[in-house]
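Visitor: I would like to learn how to read a protein model feature by feature. Could you take me through this one?
Guide: Gladly; let us look at it together.

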Amino acid sequence: MTVSFTVAGLYSTTMVLKIFFPQCCNTADSGLLVGHWVPGHNSAVVLAVVHYPFIPGQVKKYLSQMQSQSQVNLTVLGSWSMPNEGKEGMDSFLKDLSTIFPQKYWLQLSREIGKTGFTCQVVQKDGKLLQEREEKNDDDSSEEDKIIFIHYDQRKVMLSQLHPVQEVSQKPDIEPSELRLVFQTVAQSQPLFFLDKYDDGPLKLTHWQSEGREASIIAELLKQASVPVCIFLTWLLSLWHWFCSFRILHSRPVLFISSKLSTCVQSGYRAVHFKAVFSPKKAATHMDFMRKANIFVSFLVDIALGLLLVSWLYRENRISKLADTLVPVADHVAKELQELLEWLMGAPAGLKMNRALDQVLGRFFLYHIHLWISYIHLMSPFIERILWYVGLSACLGLTFALSILSDIVALLTFHIYCFYVYGARLYCLKIYGLSSLWRLFRGKKWNVLRQRVDSCSYDLDQLFIGTLLFTILLFLLPTTALYYLVFTLLRLVVVLFQGVIHLSVDFINSFPLFAIGLRICRPYRLAEGVKFKVLCQDPGTPLHLMMEINPLKVSSVLQCYRTPTYSCYPKDSWAALAKKLFVGELIYPWKQKTTKTD
């Protein structure tokens, strides 16, 4: 049953006075209500109850101190009466305090024994009392003003963050909603909650921490140790930047090689992470804090996974076993490639190839395989030692180990890359030659200056030479296309494997582990909105609602808090990649981008 209140002289139209009341104050002793009037809205946020006995001058002094610390306009909203034995005259004393703490509206809340709801009286600045009345019929209720109590969990509201996040510096012209202002008021009033019943002060308050401050000895020790640790790590990072500032490291060959190595890209990415996380400066906004926390947790998980990999590699002599397996595997791959080339030099799938070109290409690629096998056998005595030192890099994180693995795969399959480049260049040359000669037959040519096709007249000799070259290229195209197709498929297999590695590194770097942990363990910390349920609707008392926090969806958490990375996704669309493959242009679908993407 909804109860309405007639507030004559306050508003000419119907209004709803919303009082946000913390659950922890439901059983508080009688005293003063300390809170904040939400500007621009007919709402009051109760933050704490100051218990009797108190001196009004000390209350004013304490509120002025809290106001300077929290930047919230704290004030005495009214009085709170809780019936207790021996304090029968407390109600009249609290009502008289409205003259000491002058407000436009003075709230007088009281709770009776055996009832869940509160009774409320609103006093104007001139001292006129506005009595509450029960609803008599539906017609009268539309003309009467209403008071609604909204109960909230003070701790959850203080720690939660409404989404989408609105930073004041980014959107100063957007007016925040009433609910967002309530959340901001509770969050900014943290200094008010530091006073508990164990403090030897003149005032005693009831709030969510009145029974004792919520703290952890481990958390406090970590906070004290974080500053010197951050300073030390920042000094180490400065040494790294000093080493990277050498002029020889900025030469073109070194920059070119480092841009192609996944290990160098990951090192630079981690250096940026270190600079952001271990900076002694405190995070200014919620998004900066979440970014630091996500990067820090991702770094810890990365190190933990790397240490697990190290413990697995150096147990039971697995490094030696891996080194002994690597050379036979390389020989087997080379043998399979030799058999593939011998198959192509014959009549593959019954196709009749140009024998002269087929033999030239086959012997050329067989010579490369012979060089590659010699290189592998030359390096075989040092492979175990190289793998032993490479395995130690996993101590820097699993992402470093995966990046080094990607570079090792690139080095071990360099001959396949060379085959792909040779075949692609030869195939591309023939495709562009055929397209140019086809324009010659149609009396057209490509205008290089204007980047278009123009008409052109050719004499008989030009047409004869063009016809001869077109015929030669056309009959040599199947042999070249077959080699190009085979080596392109081999190259795509290697690229796919490297792409899986790069996606794994990108996933570890960008996945918001801290935000997902908050969503699972403390879902109220990331709020998408609120929902209300009726708590009490007794006759003679205002409507009481319970405000509960709706947690943010997991998909929204991933979208909002995913760390920007140097993405390794394809730069072109799949249609563009297919076009490049058809015309023989070189493709690098997993090439690292130089700009950050979300």
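Visitor: Leaving aside its neighbours within four places in sequence, which residues is Leu192 in contact with?

Guide: Contact here means heavy atoms within 4.5 Å. By that rule Leu192 touches Val34, Leu47, Ala48, Tyr62, Met66, Leu205 and His207, with neighbours within four places in sequence left out. Before we go on, a word on the source: this is a predicted model, in which local features need pLDDT of at least 70 and side-chain atom pairs count only at pLDDT 80 or more, while totals for chains, interfaces and linings use all residues. Residues are numbered from 1 along each chain as its sequence is written, and side-chain values use heavy atoms, with hydrogens and water left out.

Visitor: Which residues have the most contacts inside the largest nonpolar core?

Guide: A nonpolar core is a set of buried Ala, Val, Leu, Ile, Met, Phe, Trp, Tyr and Cys residues joined through side-chain atoms within 4.5 Å. Buried means under 20% relative accessible area, exposed means over 50%, and partly exposed lies in between (1.4 Å probe, protein chains only). In this model the largest such core has 43 residues, and Leu32, Val59 and Leu192 have the most contacts inside it. Elements giving two or more residues to this core include strand E3 (31-38), strand E4 (43-51), helix H1 (56-70) and strand E15 (543-551). Another core, of 19 residues, lies apart from it; Val49, Phe118, Val122 and Phe149 are among its members.

Visitor: How many helices and strands does the protein chain have?

Guide: Helices (H or I, at least four residues) and strands (E, at least two) are DSSP runs, numbered from the N terminus. The protein chain has 17 helices and 15 strands. Of its 598 residues, 41% count as buried. Among contacts between residues at least 6 apart in sequence, 73% join residues at least 24 apart.

Visitor: How do I read a helix pair, and at what angle do H12 and H14 cross?

Guide: Axes are lines fitted to C-alpha atoms, for helices over the stretch in contact, and angles run from 0 to 180 degrees between N-to-C directions. Angles under 35 degrees count as roughly parallel, over 145 as roughly antiparallel, 65 to 115 as roughly perpendicular and the rest as oblique. The axes of helix H12 (residues 398-412) and H14 cross at roughly 165 degrees and come within 10 Å, so the two helices are roughly antiparallel. A crossing is left-handed if the near helix is turned anticlockwise from the far one by less than a right angle, and right-handed if clockwise. H12 passes H14 in a left-handed crossing. Residues in this contact include Leu402, Ser406 and Val409 of H12, and Phe497, Gln498 and Ile501 of H14.

Visitor: Is the crossing of H10 and H14 right-handed or left-handed?

Guide: The crossing of H10 and H14 is right-handed. The axes of helix H10 (residues 318-344) and helix H14 (residues 460-510) come within 11 Å, crossing at roughly 160 degrees, which means H10 is roughly antiparallel to H14. Here Leu337, Leu340, Leu341 and Leu344 of H10 meet Leu482, Tyr483, Val486, Phe487 and Leu490 of H14. The residues of that contact are nine nonpolar, no polar and no charged.

Visitor: Is Trp106 buried or exposed?

Guide: Trp106 counts as buried because its relative accessibility is 2%. Its place is in strand E6 (residues 105-111), and its C-alpha atom is 4.9 Å from that of Val123, 17 residues apart along the chain. Phe194, in the loop between H5 and strand E11 (205-206), counts as partly exposed at 41% relative accessibility.

Visitor: What should I look for in the backbone, and which peptide bond is cis?

Guide: Look at the torsion angles. The bond from His163 to Pro164 is cis, with omega near 0 degrees, and Pro164 sits in the loop between strand E10 (161-162) and H5. Glu316 has a positive phi of about 60 degrees although it is not a glycine; Glu316 is in the loop between helix H9 (286-313) and H10, and counts as exposed at 54% relative accessibility. Asn317, found in the loop between H9 and H10, also has a positive phi, near 55 degrees.

Conventions: Ala, Val, Leu, Ile, Met, Phe, Trp, Tyr, Cys and Pro count as nonpolar, Asp, Glu, Lys and Arg as charged, and the others, Gly among them, as polar.
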